[in-house]
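User: I would like to go through this model and ask, for each label attached to it, what the label rests on.

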Amino acid sequence: MKNLRLPDDEPLLVWVRTADVAAALPQAQGWLTPAERERARRFVFDGDRADFLASRFLLRRVLAELADTEPERLAFDTSRHGKPALRGRPDLAFNLSHCRGATVLLIGAGAAAGVDIELVQPGRADPLVAQRLFHRAEQIQLLACPRGGYDRLFLRFWTLKEAVLKAEGSGLALPLDAFAALIDDDSIVPLTVPLALAARPFAFGQVELAPDLVCAWTRVCADRQVPTTWQLGASGTVYPAPQVRLGTGSHRPRQAAGLPPAGRKAALAALVLGG
Ligand SMILES: CC(C)(COP(=O)(O)OP(=O)(O)OC[C@H]1O[C@@H](n2cnc3c(N)ncnc32)[C@H](O)[C@@H]1OP(=O)(O)O)[C@@H](O)C(=O)NCCC(=O)NCCS
């Protein structure tokens with residue numbers, strides 16, 4: 001089964017399109033635990049079942065390779081809030097996200113990881129959701145965005161929030177406004193951070209995996225290394241994936257910052273963070 005040739009010491013984003021791995025889904029089914037098999041059985045729509053199996057194909061194929069074992073031998077534990085972790089391998093901290101037709105896996109290279117992927121569907125972003133759940137500065141940016149760009153910008157904010165909350169581990173048990181950011185060209189400036197992460201450095205970023213797929217990632221560590229992006233293909237092998245980098249950002253706890261904040265972005269972040 002080995003041959004993915006993924007680097008095992010750096011952060012990785014590996015994604016899959018369900019349609020690309022249709023032929024491998026019966027094999028993935030054979031790797032499932034009884035509970036996962038039951039979950040697969042309960043899906044009403046075949047498309048949802050295929051997405052789930054593709055997510056398990058991606059997860060087990062890649063983690064087995066990095067853990068040097070077989071996909072069906074992997075065992076997972078889940079946290080109080082449901083975040084899965086590979087049993088006995090904290091060095092292989094990961095996170096998974098799916099949307100219709102695609103799944104992405106972030107391997108954090110030793111750092112707690114959070115990832116979110118969303119499908120951009122014109123006209124689907126709801127301004128009332130933004131009004132209720134987004135930071136005021138995010139709402140202002142949304143209102144000012146060019147015609148036709150609303151859905152994408154909405155999902156950029158949304159995925160960033162979910163990626164940070166999923167790295168923290170609470171998921172949507174925390175409110176979406178626990179993390180808020182300003183998007184300024186290719187830099188993403190945090191405005192508020194979840195309390196549980198405020199004292200820890202973390203880095204985040206955003207990529208477009210395909211023209212209609214927005215993805216955000218977070219790693220809870222001081223190093224700002226951007227994950228390399230790979231795609232899992234039909235034959236169960238991976239290849240470097242083309243992607244558009246949308247931006248990166250980081251949070252530094254106050255005491256670790258060293259220098260007084262300088263510049264417009266830092267001043268703005270400090271203002272909102274109460275500095
Ligand atoms: C995690 C969560 C944000 C997922 O949101 P989503 O946009 O529907 O789904 P995504 O596709 O992005 O992510 C789902 C994956 O995240 C992972 N996940 C589940 N719970 C998670 C958590 N608390 N933190 C991080 N990742 C989590 C799982 O791998 C899951 O995929 P799987 O179920 O196929 O294994 C949401 O389900 C959530 O908030 N869960 C926590 C709920 C909770 O705390 N309940 C209280 C229990 S007491």
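User: How do you know that domain 1 and domain 2 are in contact?

Analyst: This is a predicted model, and in it 19 residues of domain 1 are in contact with 18 residues of domain 2, where contact requires C-beta atoms within 7 Å. On the side of domain 1 that touches domain 2, strand 1 (12-17), strand 4 and strand 5 (102-107) each supply at least two residues, and strand 5 gives the most, with 3 residues. The residues of that side divide into 10 nonpolar, 7 polar and 2 charged. The centres of the two domains, taken over C-alpha atoms, are separated by 25 Å.

User: Why is the ligand shell said to lie between the domains?

Analyst: Domain 1 (1-109 + 225-242) and domain 2 (118-224 + 246-275) both give residues to the shell around the ligand, and therefore it lies between them. Strand 4 (94-99) gives the most to this shell, with 4 residues, and helix 6 (150-168) supplies at least two. Of the 17 residues around the ligand, those that come nearest are Gly82, Ser97, Gly171, Leu172 and Ala173.

User: Why is His251 called buried rather than exposed?

Analyst: A residue is called buried when 20 or more other C-beta atoms lie within 10 Å of its own; His251 has 22 such neighbours, so it counts as buried. His251 lies in strand 13 (residues 244-251), and, leaving aside neighbours within four places in sequence, it is in contact with Pro190, Val193, Leu197, Pro201 and Phe202.

Key. Residues numbered from 1 in each chain as written. Predicted model: local features only at pLDDT ≥ 70, side-chain atom pairs only at ≥ 80, totals over all residues. Near = placed C-beta within 6 Å. Domains from an automatic or database assignment. Buried ≥ 20, exposed ≤ 12 C-beta atoms within 10 Å, placed from the backbone. Contact = placed C-beta atoms within 7 Å. Nonpolar A, V, L, I, M, F, W, Y, C, P; charged D, E, K, R; others polar.
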